[in-house]
Amino acid sequence: MSHSDANREFMARALALAERGLYTTTPNPRVGCVIVKDGTIAGTGWHEAAGRPHAEINAIEEAGTKARGATMYVTLEPCSHHGRTPPCADAVIKAGIAGVVAAMPDPNPVVCGNGFARMSGAGIEVAHGLMQEEARELNIGYVMRMEQGRPWVRMKVAASLDGRTALANGKSQWITGEAARRDGHHFRARACALLTGIGTVMDDDPRLDVRQVETPRQPLKVLVDSRLEVPEGARLLAHGSVLVAAARADSTKAEALRARGVEVLMLPNPHGKVDLPELVRELGRRGMNEVHVEAGARLNGSLLREGCVDELLVYLAPSIVGDTGLGMFSLPEITDLAQKIPLSIREVSRVGEDIRVIARV
C-alpha cells in the first residue's frame, strides 16, 4: 500500500467515526480522529455531543503514551480556543504528536487557521486538504452557518411519478412506501430543526418528530403560521420544543401557546406573511446547522422563491395520481423556460419501491 493510499484509509476511518455523531453533535460539527504510530492505529475518537470531549481528546486518551511521535488524522482543524472544553491544539502539542493531517480547516472564524498555526509553531508537521470534500459534506450545515450565518435547508417532498404530493382533498398518507418514510426519518434525525406550515398541520396533523430511527434527541419543531391558526390540540404541540413563527398578533392565542411552553416569534414581512429569510437567519443565530422542511406546496414554493432552500430530497413513488392532485411547489407562472429554477442532481437511488432524488438549488 502506498503512503497516499494509507493516508486515505486512515482519513476514511476518521470520517466514518465522525459520522457516528450524525444525530448528536449539534450545534458542534461532526468530527472523527485516528492516531497512527508506525503504520498501526493507536487510538481513535469521535465527538459525541456539545460539552463532551472532542474527537482529538478521546483519541489521545485511547493512544496513551503511543501518541508521542505519532501522526493524527482528523476530519476538522483542531480548535484553538476555550469553548465548553479547552483547546484541542494544546492537547495535541502536549501529547507529543509529531504530525497532523486534517481534512479541512475549521470555517469558524474563531478557529480558522489558528489551530494549524499553533501546532506548527510547536514544531508539529501540519497538512490539510485530504478528503476535504467528504469532510465538508458531512458538516454541510455547520459550514453554511459559519460562512453565511444561516443553516443548510433541506426540503423533503414525497410525490407520485407525475409529481403529485396529495389528492385534491389534501389526503397524502401514504404516497410513498414504508422504506422511503423510514429513510426520511434518518434525514429528520440529523437535522437541528423540522419546519412545516399551518396548511400541513390542518391537513395532516403531523407529530413532526423522529420515530423510525433511534435518536437520543428530538429536533426543534418550527411552525410557520402567519395568523396563529394552529389548533391547541394539534399533535405537534404535544411533545418537544416548538417555535411558532407568526406575522399577525393575536395576543390571546399567543399567550395560550406560551402557557403551554411554545415559543411564539413575530416575524412579519411587508405583505403580512412570515419573513422566511429572516426566520432562517434566526435559526442560524440559534446554532441550527441543518433545517429539514416537510410542508405543503404553498410554503415549499415560498421558501424556494425567497432563496431559502439549498437541497431537495424528493421521493418518487411508482404511481400516477393525475392532474387533480396537488403539486410539489406553488410558484408563479413563468412564460419562458429561462425563468425556471435550475437544479444540480447529486444522487438518484432506489429506496424500497420508490426513487430518491437529491438535488441542489
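Two strands are taken to pair if DSSP finds at least two bridges between them, and the legends below apply that rule to a predicted model.

**View 1. The open, mixed sheet of the predicted model.** Five strands come together as an open sheet, and their order across it is β2-β1-β3-β4-β5, with mixed pairing. The edges are formed by β2, which spans residues 40-46, and by β5, which spans residues 125-128, each of these strands pairing on one side only. When direction is ignored, neighbouring strands of the sheet are turned against each other by 15° on average.

**View 2. The pairing of β1 with β3.** Strand β1, made up of residues 32-37, runs antiparallel to strand β3, made up of residues 71-74, and four bridges join the two. Within this pairing, C33 can be located opposite V74, a residue of β3.

**View 3. Helices against the sheet.** Helix α2 lies across β1, β2 and β3, and its direction makes an angle of about 140° with β2. Helix α4, residues 114-121, also packs on the sheet, where it touches β4 (99-102) and β5, and the angle between the directions of α4 and β5 is about 155°.

**View 4. The second largest pocket and its lining.** The space in the second largest pocket comes to about 410 Å³. Its lining comprises 25 residues, and those closest to the centre of the pocket are N28, P29, H54, H81 and Y142. Two elements, α2 (55-63) and α6 (140-148), each give two or more residues to this lining, and α6 gives the most, with three residues. Sorted by class, the residues that line the second largest pocket are 12 nonpolar, eight polar and five charged.

View 5. Rolling a probe the size of a water molecule over the atoms shows where empty space is left. With a cut-off of 30 Å³ or more, the count in this model is one cavity, and the largest cavity holds about 70 Å³ of space. A total of 17 residues line the largest cavity, and T25, N28, R30, N289 and E290 are the ones nearest its centre. The lining of this cavity divides into six nonpolar, seven polar and four charged residues.

Methods. Residues are numbered from 1 along each chain as its sequence is written. This is a predicted model: local features need pLDDT of at least 70, side-chain atom pairs count only at pLDDT 80 or more; totals for chains, interfaces and linings use all residues. Side-chain values use heavy atoms; hydrogens and water are left out. On a 1 Å grid over the protein atoms alone, a cavity is a set of points where a 1.4 Å probe fits but cannot get out, and a pocket is an open set with protein on both sides within 12 Å along at least five of seven lines; lining residues have an atom within 4 Å of a point. Grid points are joined across faces, edges and corners, and a volume is the space filled by probe spheres set on the points. Ala, Val, Leu, Ile, Met, Phe, Trp, Tyr, Cys and Pro count as nonpolar, Asp, Glu, Lys and Arg as charged, and the others, Gly among them, as polar. Axes are lines fitted to C-alpha atoms, for helices over the stretch in contact, and angles run from 0 to 180 degrees between N-to-C directions. Contact means heavy atoms within 4.5 Å.
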